[in-house]
Amino acid sequence: MTVRVVLVAPVTGQVARFGDEMPDAAALRRAEAAAGALPAFVRAYSAPEARCRATVDALGVHAVPATELGDLDVGRWRGRELDDVAADEPEAMAAWLSDPEAAPHGGEALPALVARAAGWLASQAEAGGRVLAVVPPAVVRAAVIGALGLSPAVFWRLDVPPLTATELTGRAGRWNWRCGRALRA
């Protein structure tokens, strides 16, 4: 049975921050305008983050909450701005960005996120059909890495802009990846 999973990155706030921040009104208007660009689907899911739920609402999609699609747990860095952490803890930041096993923040290491995303993809492959999921960019990266059997070391080399769709099509344990495309009205 074939499954087509479309992972949509949510709209975001203006500041690069570890954690969950509500998107501004302009970003939500962009999501509303993009609703017509969504492909057909039979099941929809949303990560628990507020930005994902707000994007789902703006897209006009009824989505089932899925905690397993939650963002990378960055432990004690949660809520802090990226630039502040880099300034306060340059060695920890460098380790985190260069070693997939590193979790200087006390949260989740990248291989754990990849395993979590791959497990969710496997569950969708069993059900088949067309699936839409609004998930944080880290989960999109992890899903691609898990589906294609890539090393977690490539995690930071995959860019996932807001309001883009990344498609994974699977059948018999084999996945194909269609690189992200912008959702536009």
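**View 1. Six aromatic pairs turn up in this predicted model.** Rings of Phe, Tyr and Trp (its six-membered ring) pair if their centres lie within 6.5 Å; planes under 30 degrees apart count as stacked, over 60 as edge-to-face and the rest as tilted. Because the model is predicted, local features need pLDDT of at least 70 and side-chain atom pairs count only at pLDDT 80 or more, while totals for chains, interfaces and linings use all residues. Residues are numbered from 1 along each chain as its sequence is written, and side-chain values use heavy atoms, with hydrogens and water left out.

View 2. Helices (H or I, at least four residues) and strands (E, at least two) are DSSP runs, numbered from the N terminus. Tyr-45 and Trp-120 are both buried (under 20% relative accessible area; exposed is over 50%, partly exposed in between, with a 1.4 Å probe and protein chains only).

**View 3. Trp-96 and Trp-156 make an edge-to-face pair.** Their ring centres sit 4.7 Å apart, with the planes at 65°. Trp-96 is in helix 4 (residues 90-98) and Trp-156 in the loop between helix 6 (137-148) and strand 5 (164-171), 60 residues apart. Trp-96 is buried at 4% relative accessibility, but Trp-156 is partly exposed at 29%.

**View 4. Phe-18, Trp-77, Trp-96, Phe-155 and Trp-156 form one aromatic cluster.** Over the ring of Phe-155 sits the charged end of Arg-141, 5.1 Å from the ring centre (the rule: NZ of Lys or CZ of Arg within 6 Å of the ring centre and within 35 degrees of the ring normal).
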